[in-house]
Amino acid sequence: MSIVEKAPLVRAGLGISAREWRTLLISAVILVAAALVPLVSEGYILQVMISIVMYAALATSWLLFSGPTNYIALSTAAFFGIGMYVTAAGIDLVPYPVLIIASGVAGAALAAVVGLATLRVAGVYFVIFSLGLAELVRQFMTWGQHVFGTMSGLYVSVDRSEPEYYWQLLLLTAVIFVVGWWIGRSRLGFALRIIGNDEIVAVHCGINTARAKVILFVISSTFASIIGALVAPRWGYVEPVVAFNPFLSFQVVIMALLGGTHRLWGPLLGVIPFTVMWELISIEFPDYTTLLLGACFLLIVYAIPNGFTGLMESAFNRRTKAGGATTGSVQRTLDVPAGAVTAELQPQKSSDA
Amino acid sequence: MDILIIGLLLGGTYALMAMGLQLQYGVARIMNLANGEVLIAGAFGAFWFFAGTHASPLWSLLFVVPLAFALNWAIYRVLIAPLVRRAKSQGKLDVDSILATFGLSFLFIGVMVAFFGAQYTDYSYLSEPIFIFGERYGLNRVVAFVASAIICIGLYLWLHKTRAGLALRAVSVNPSAAGLVSINVMRTSALAFALGGAVTAAGGVLLSMYLTFDASYGVVFTLKALIIVILGGVGDIRGTIIAAFILGLAETAVATLIDPGLTLAAAYILFMLVLLIRPEGLFGRRTA
């Protein structure tokens with residue numbers, strides 16, 4: 001008996017299975033619980049919580065594109081920085097909510113240009129391009145400020161309290177999860193998983209691979225820019241070196257890898273322990289943060305390549321196997337991580353594929 | 001004229017560092033994102049040597065190059081070889097090696113910050129003028145160019161005139177076919193990777209003679225080297241050298257005519273053009 005057969009066949013409205021309703025319900029409960037945190041705790045705990053939610057949003061939006069496609073995007077800092085800069089530059093001219101939207105649009109535009117140029121050819125070029133993107137945008141910003149004679153740093157002040165930042169980011173995280181869940185169910189998500197497994201097969205299936213990749217990259221980058229816009233007023237002062245810090249791209253990738261990139265909620269599992277550990281490291285060993293993080297990164301790549309979710313799933317699979325049932329040979333022969341096959345089959349109705 | 005000569009001098013050193021990456025990516029097939037950090041490590045090696053002895057930093061090549069060779073050999077054996085063995089396809093290996101070397105690059109930055117600090121570093125060696133066609137140029141740039149030309153020519157001759165060089169080129173063309181003619185592909189790849197690291201570090205020593213650098217500056221050089229390799233065509237030494245000169249000229253032109261802060265933008269624009277017009281590189285052959 002395979003795991004696939006165990007899934008409830010009953011489907012409620014909108015083509016959402018009972019099992020998915022349960023997941024949605026659990027997610028909603030977690031969301032409400034998380035939203036209540038500022039009411040009971042404040043100060044340091046709330047600060048750490050804000051970091052956690054910010055990184056959760058960044059890592060999950062990173063995963064939207066890089067998870068299914070296996071294209072490692074190292075450009076989070078570029079889009080995050082753009083969001084910050086759009087906000088900082090326009091704060092005295094237009095209302096803040098407009099700027100949040102403008103940040104998203106700016107990020108989307110840059111992502112579209114980068115995507116159209118690099119995602120049509122081999123994946124390695126995309127990685128290289130994304131690696132230096134933050135530095136490139138930073139150079140342009142610095143140059144622009146030099147030419148227009150503005151100061152290198154900009155002040156951003158918006159009247160927001162700490163809990164309000166927290167709720168904003170939490171809401172955005174929820175939106176990212178819903179979008180990710182919706183993409184996972186859609187034809188687009190299915191196409192991306194095929195691209196991730198074998199791009200040549202995807203092309204032969206008649207998938208417009210370049211279009212699918214560019215769309216997803218734009219969505220993912222738009223979120224990163226919006227997060228930048230949401231965080232900018234909290235930082236108060238924005239300058240190129242801080243806004244386009246390549247370290248951010250690094251942190252986001254490491255957190256997502258730690259959690260596991262095959263599940264939408266994977267990064268969440270990575271973000272929480274990592275942010276806490278990061279807080280400890282930066283307090284205890286402020287001079288060795290880069291060194292220790294590099295070492296952690298290598299440890300994760302070699303010791304737990306599939307992240308926490310990968311560990312959990314292989315443990316789960318071993319248990320079901322030990323229970324006497326022989327799992328279908330499908331899982332063994334296909335070159336996909338354990339559990340991915342079931343993920344592939346479940347949300348898809350046969351007519352979709 | 002100014003732009004032409006400075007650009008060519010810069011291109012000479014770029015050629016050296018890109019040759020290093022070319023050996024690593026073109027022969028060993030490892031996309032090494034920590035390449036720039038090896039270069040910066042070489043630069044720090046030269047700085048440390050010069051600060052201690054005040055002898056010519058060129059002498060530091062004597063210990064920087066063997067050290068970089070040994071270090072990169074160890075990296076290949078310990079970190080990369082397991083990835084090569086577990087990889088089922090080149091695409092998978094690319095993803096794995098990108099992640100591993102990306103982590104490695106931050107580890108290197110951390111080590112260098114711990115040893116040398118995070119501040120900008122430079123030293124003044126041979127910063128006296130030399131006159132070429134009546135214009136003045138830094139003597140250190142000319143010396144760096146000559147040294148890098150010597151190393152490049154030596155490497156080229158080694159690759160084309162010796163048996164080991166032939167084995168390297170065979171692996172570069174087709175690793176599985178190279179295995180069939182009893183070339184130890186793993187060993188040859190390790191050699192190419194180590195040699196690439198050594199050449200890159202030598203490039204770092206030469207660059208440090210006229211450039212200001214800091215521990216986290218490596219990524220820019222990784223990027224430039226990658227762009228040169230792609231522009232010249234993967235596995236094509238001749239293309240790499242020409243591409244290095246093109247990048248050197250383009251950067252110098254942008255720095256002189258527009259703004260010195262926009263050199264990376266010049267590199268990116270070149271990169272964009274290559275991707276849009278000739279993704280296989282200047283002299284690369286189109287694969288079916």
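## Chain A: overall architecture

In chain A of this predicted model, residues 24 or more positions apart account for 77% of the contacts that have a separation of 6 or more. The secondary structure of chain A consists of 17 helices and 2 strands, and 46% of its 353 residues count as buried.

Helix 8 of chain A, which spans residues 187-197, contributes a set of buried positions, namely Gly189(A), Phe190(A), Ala191(A), Leu192(A), Ile194(A), Ile195(A) and Gly196(A). The cover over these buried residues includes helix 3 (44-69), helix 7 (162-185), helix 9 (199-204) and helix 10 (209-235), which belong to chain A as well.

## Chain B: overall architecture

Along the principal axes, its C-alpha atoms fill a box of roughly 55 × 40 × 35 Å. The radius of gyration of chain B is 18 Å, which agrees with the value near 19 Å that a compact globule of 288 residues would have.

## Packing of helix 3 against helix 8 in chain B

Within chain B, the axes of helix 3 (residues 61-86) and helix 8 (residues 185-208) come within 7 Å of one another and cross at roughly 140 degrees. Because of that angle, helix 3 of chain B is oblique to helix 8 of chain B, and the crossing of these two helices is right-handed.

On the side of helix 3 of chain B, the residues making this contact include Leu61(B), Val64(B), Val65(B), Phe69(B), Trp73(B), Tyr76(B), Arg77(B) and Ile80(B). On the side of helix 8 of chain B, they include Met186(B), Ala190(B), Phe193(B), Leu195(B), Gly196(B), Gly197(B), Ala201(B) and Val205(B). Sorted by class, the contact of helix 3 with helix 8 in chain B has 19 nonpolar, 3 polar and 1 charged residues.

## The contact between chains A and B

The contact between the chains takes 33 residues from chain A and 34 residues from chain B. On the side of chain B that touches chain A, helix 4 (90-116), helix 9 (218-232) and helix 11 (263-277) of chain B each supply at least two residues; the largest share, 15 residues, comes from helix 4 of chain B. By class, this side of chain B has 27 nonpolar, 4 polar and 3 charged residues.

## Residues with positive phi

With 17 other C-beta atoms within 10 Å, Asn70(A) is partly exposed.

In chain B, Ser182(B), which is likewise not a glycine, has a positive phi of about 55 degrees and lies in the loop between helix 7 (175-180) and helix 8 of chain B. Ser182(B) counts as exposed, because it has 7 C-beta neighbours inside 10 Å, and a residue with 12 or fewer such neighbours is classed in that way.

How values were computed: Residues numbered from 1 in each chain as written. Chains lettered and ligands numbered in written order. Predicted model: local features only at pLDDT ≥ 70, side-chain atom pairs only at ≥ 80, totals over all residues. Contact = placed C-beta atoms within 7 Å. Helix = DSSP H or I, 4+ residues; strand = E, 2+ residues; numbered from the N terminus. Nonpolar A, V, L, I, M, F, W, Y, C, P; charged D, E, K, R; others polar. Axes fitted to C-alpha atoms, helices over the stretch in contact; angles between N-to-C directions. Parallel < 35°, antiparallel > 145°, perpendicular 65-115°, else oblique. Left-handed = near helix turned anticlockwise from the far one by under 90°. Rg over C-alpha atoms; globule rule 2.2 N^0.38 Å. Buried ≥ 20, exposed ≤ 12 C-beta atoms within 10 Å, placed from the backbone.
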